[in-house]
Amino acid sequence: MAITILMICYTLLAFGIGWYLFSHRARPFLVFHPETTPALSRVVTVGGLILMLLGVVAAAATIINNSIFLASTLLVGVVIIIVLQLILLHWFPKG
């Protein structure tokens with residue numbers, strides 16, 4: 001029961017962060033300005049779509065409730081988020 005509740009939270013977070021990134025592809029957020037950099041806008045768009053897709057897959061994994069599917073979804077999600085953060089570091093203001 002606890003894993004189901006935690007997976008629901010994970011699903012909402014993944015989809016919510018994906019939607020936030022996707023909706024800010026043409027306006028500034030935090031310290032990033034994708035409206036001035038087409039490459040950053042593309043990264044934010046693709047990252048947002050991937051995270052929203054991850055949210056849908058995590059919802060399916062939660063409904064199916066298969067331990068292997070849940071674990072692989074979590075692992076793929078962690079890798080996607082780490083890679084996205086490392087890519088966004090390229091546009092982080094320096095100094």
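**Entry 1, basis.** I worked from a predicted model, in which local features need pLDDT of at least 70, side-chain atom pairs count only at pLDDT 80 or more, and totals for chains, interfaces and linings use all residues. Residues are numbered from 1 along each chain as its sequence is written, and side-chain values use heavy atoms, with hydrogens and water left out.

I located T11 in helix α1, residues 2–23 (helices are DSSP runs of H or I, at least four residues, numbered from the N terminus). Leaving aside neighbours within four places in sequence, I found T11 in contact with G55, A58, A59 and T62 (heavy atoms within 4.5 Å).

I noted that the axes of α1 and helix α2, residues 38–64, come within 7 Å and cross at roughly 160° (axes are lines fitted to C-alpha atoms over the stretch in contact, and angles run from 0 to 180 degrees between N-to-C directions). I therefore recorded α1 as roughly antiparallel to α2 (angles over 145 degrees).

I placed S72 in helix α3, residues 67–88. From S72 to L6 I noted 66 residues in sequence and 15 Å in space, C-alpha to C-alpha. I also found a polar atom of the S72 side chain 3.0 Å from the backbone oxygen of F69.

Terms used: Helices (H or I, at least four residues) and strands (E, at least two) are DSSP runs, numbered from the N terminus. A polar contact is a pair of N or O atoms within 3.5 Å; within protein, one must be able to donate a hydrogen and the other to accept it, and residues adjacent in sequence count only if both atoms are side-chain atoms. Angles under 35 degrees count as roughly parallel, over 145 as roughly antiparallel, 65 to 115 as roughly perpendicular and the rest as oblique.
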